[in-house]
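I opened my notebook to look up a few things in this structure. These are my entries, in the order I made them.

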Amino acid sequence: MTNGRNKGASFERTVAAMIKESLGITVKRDLEQYRAGDRGDLIGIDGIVIECKRYKMANGGHYHQDWWEQVEKAAIAQNAEPVLIFKYDRAEPKCVVRLSFINIDYAGKPDTVTVSFDTWCMLVREFLTYQLQNA
């Protein structure tokens, strides 16, 4: 049986490599996540908290609500945008973000949307460009 923590750490490294390849940004595992609460799994993109989850069995293709609550709590504590990147065996990774990350008109509303990893990368590029223009 695969150790859950090792499986999670492996997926975190995979996601970090995917982010480096797609965005050219180096992110790393936040080793403090096990000692301190309200932290994501990966650090390195200012203003974004990244939580990664990898599981064998699909939940109807949807994420578990407690996963979202975990990353949202960390994002609120860090005044950042949350993203949940999850993957089930034999499926592509999916990313969950607040709808307001796509359209500011939804700010303050609890709505989320699930997008592909490539779409999330496009949204991150827009987010970072907006941050630079408004710094």
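**Entry 1: the ring cluster.** Which residues do ring pairs link into a cluster? I looked, keeping in mind that this is a predicted model. The cluster is made of Y55, Y63, W67, F86 and Y88.

**Entry 2: the ring pairs.** I counted aromatic pairs and got seven. Are F86 and Y88 buried or exposed? F86 has a relative accessible area of 2%, so it goes down as buried. Y88 is at 4%, so it is buried as well.

Next I turned to F101 and F127. Their rings also form an aromatic pair, this one tilted, with 5.3 Å from centre to centre and 45° between the planes. The two residues are 26 apart in the chain, and the pair links distant parts of it: F101 lies in the loop between strand 5 (94-98) and strand 6 (112-116), while F127 belongs to helix 3. I checked their burial too. F101 is buried at 12% relative accessible area, and F127 is buried at 16%.

**Entry 3: helix 3.** F127 made me curious about its helix. Helix 3 has 17 residues, which at 1.5 Å a residue should span 24 Å; I found its end C-alpha atoms 24 Å apart, so the two agree. Which residues of helix 3 are buried? My list reads F117, W120, C121, L123, V124 and F127. They cover an arc of only 160° around the axis, so they sit on the same side of helix 3. On the other side I noted D118, Y130, L132 and Q133 as exposed.

**Entry 4: the second largest pocket.** I ended with a pocket. Where does the largest share of the lining come from? It comes from helix 3 (residues 117-133), with five residues. Sorted by class, the lining holds seven nonpolar, three polar and two charged residues.

Conventions:
Residues numbered from 1 in each chain as written. Predicted model: local features only at pLDDT ≥ 70, side-chain atom pairs only at ≥ 80, totals over all residues. Heavy atoms only, no water. Helix = DSSP H or I, 4+ residues; strand = E, 2+ residues; numbered from the N terminus. Nonpolar A, V, L, I, M, F, W, Y, C, P; charged D, E, K, R; others polar. Expected span 1.5 Å × (residues − 1). Buried < 20%, exposed > 50% of the residue type's maximum accessible area, 1.4 Å probe, protein only. Arc of directions from axis to C-beta. Phe/Tyr/Trp six-rings, centres within 6.5 Å; stacked < 30°, edge-to-face > 60°.
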